[in-house]
Amino acid sequence: MHTIFNNIVLHPDEPKYRKIKAANKAFLRHIANVNKAEDLMLQAGWRPKVVDLEKAWLWEYEPSSHEFRVLVEVTEVLLKAMQTLHAKTERKRKDDAERKSKHAEERERIKLALEDDRLQRQVAQELTAARPHDT
């Protein structure tokens, strides 16, 4: 959604960025199937219309309009939200990797302790077996 909005902000006079077919696969995946995404499009000035017998979303305002300023602000908010989401995702990824590493270290420590215990018991059995028995 940020890309769609930002294309208009960066290229306000380019008609190809002002129309999105509602049947477009990217639109369906990233907007139509996302809760409240179409509401945000409406708030940002996009309007659903039928063009050439197809439903499309149009953005029909001039760069000097109030709606354009709203679109710029919404685009900035979306960018900040994406940055926050990416930062949280990266923190979670790092935390998960650290947790997995600690878990692997703990498993290795336990494995070594078990092996050490097994060897100590084996040595103790060998020593016991090697002692002369008092009869």
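1. A handy word to begin with: a residue is called buried when its relative accessible area is under 20%, exposed when that value is over 50%, and partly exposed in between. Please keep in mind that the model you are looking at is predicted.

2. Let us start with the aromatic rings. The count comes to four aromatic pairs. In one of them, phenylalanine 5 and tryptophan 46 have ring centres 6.4 Å apart and planes at 20°, so this pair is stacked. Phenylalanine 5 sits in helix α1 (residues 2-10), whereas tryptophan 46 belongs to the loop between α3 (37-43) and β2 (47-51). Phenylalanine 5 and tryptophan 46 are both buried.

3. Now look at phenylalanine 27 and tryptophan 57, which form a tilted aromatic pair with 6.2 Å from centre to centre and 40° between the planes. Here, too, distant parts of the chain are linked: phenylalanine 27 comes from helix α2 (residues 25-32), tryptophan 57 from strand β3 (residues 54-58), and they are 30 residues apart. Is this pair buried or exposed? Both phenylalanine 27 and tryptophan 57 are buried.

4. One more aromatic group deserves a glance. Trp59, Tyr61 and Phe68 form one aromatic cluster.

5. Next come the charged side chains. How many salt bridges does the model have? The count is ten. One of them joins the side chains of glutamate 90 and arginine 93, with 2.5 Å from N to O. Both residues are in helix α4 (residues 66-130), and because they are three residues apart, about one helical turn separates them. Glutamate 90 has 32% relative accessibility, so it counts as partly exposed. Arginine 93 is partly exposed as well, at 46%.

6. Glutamate 106 is partly exposed at 35% relative accessibility, and arginine 109 is partly exposed at 46%.

7. For another spacing, turn to aspartate 117 and arginine 121, whose side chains form a salt bridge of 3.0 Å, N to O. Both lie in helix α4, four residues apart, about one turn of the helix. Aspartate 117 is partly exposed, with 35% relative accessibility, and arginine 121 is partly exposed, with 48%. Salt bridges can also share partners: in this way Lys92, Asp96 and Arg99 are joined into one network.

8. Lysine 36 has 56% relative accessibility, so it counts as exposed.

9. Leucine 53 is not a glycine either, yet its phi is positive, at about 65°. Leucine 53 lies in the loop between β2 and β3. Its relative accessible area is 83%, so leucine 53 is exposed.

Conventions: Residues numbered from 1 in each chain as written. Predicted model: local features only at pLDDT ≥ 70, side-chain atom pairs only at ≥ 80, totals over all residues. Heavy atoms only, no water. Salt bridge = Lys/Arg side-chain N within 4 Å of Asp/Glu carboxyl O. Helix = DSSP H or I, 4+ residues; strand = E, 2+ residues; numbered from the N terminus. Buried < 20%, exposed > 50% of the residue type's maximum accessible area, 1.4 Å probe, protein only. Phe/Tyr/Trp six-rings, centres within 6.5 Å; stacked < 30°, edge-to-face > 60°.
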